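Work through the exercises below with the sequence and the structure in view. Try each task before you read its solution.

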Amino acid sequence: ITAFCSLMHPVMGKENPLAYSKANIFEAVTKERYIAHSASITDLFLDRFNPNEPMSDEELDARSEQLRKKIDGSVEDTTASELLNKMIDIVKHTLRTNIYLADRYSLGLRLDRSEER
């Protein structure tokens, strides 16, 4: 969740630097009302890159759409909704990660920048 927040900050901060500070982004997506959505998105990310059984593009699209529908139906806060949907975008645009490497120094993500948002 922290990595997603760090990735969202430079993009969202261009729209509104005060509303989308790193602290505000983290607070919005980890509120008690929305943390389950953030956890589901994190699970999506972990499942997508599970080295034992990686998720197909089709399954990623289907699960992403399910999550978006849940978010649209239950998140009243437009800022939180926008951030949660942006987290899904990050998962969908991640090409590679070292999340499952045992000896990694830090988390690394390679993003597909062909569809910058």
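**Exercise 1.** Find how many salt bridges the whole structure holds.

Solution. Start with the rule: a side-chain nitrogen of Lys or Arg lies within 4 Å of a carboxyl oxygen of Asp or Glu. Searching the whole structure with it gives five salt bridges. This is a predicted model, where local features need pLDDT of at least 70, side-chain atom pairs count only at pLDDT 80 or more, and totals for chains, interfaces and linings use all residues. Residues are numbered from 1 along each chain as its sequence is written, and side-chain values use heavy atoms, with hydrogens and water left out.

**Exercise 2.** Work out which parts R63 and D47 tie together.

Solution. Check the contact: the closest N and O atoms of R63 and D47 are 2.9 Å apart, a salt bridge. R63 sits in helix α4 (residues 57–74) and D47 in helix α3 (residues 35–48), so the pair joins parts 16 residues apart in sequence. Helices here are DSSP runs (H or I, at least four residues), numbered from the N terminus.

**Exercise 3.** Decide whether R48 is buried or exposed.

Solution. Take the cut-offs: buried is under 20% relative accessible area, exposed over 50%, partly exposed in between (1.4 Å probe, protein chains only). R48 has 15%, so R48 is buried. Its salt-bridge partner is D57, with the closest N and O atoms 2.7 Å apart. D57 reaches 45% and is partly exposed.

**Exercise 4.** Locate the salt bridge of D61 and K92.

Solution. The N to O distance is 3.0 Å. D61 belongs to helix α4 and K92 to helix α5 (residues 78–93), 31 residues apart. D61, at 41%, is partly exposed. K92, at 33%, is partly exposed.

Methods:
Helix = DSSP H or I, 4+ residues; strand = E, 2+ residues; numbered from the N terminus.
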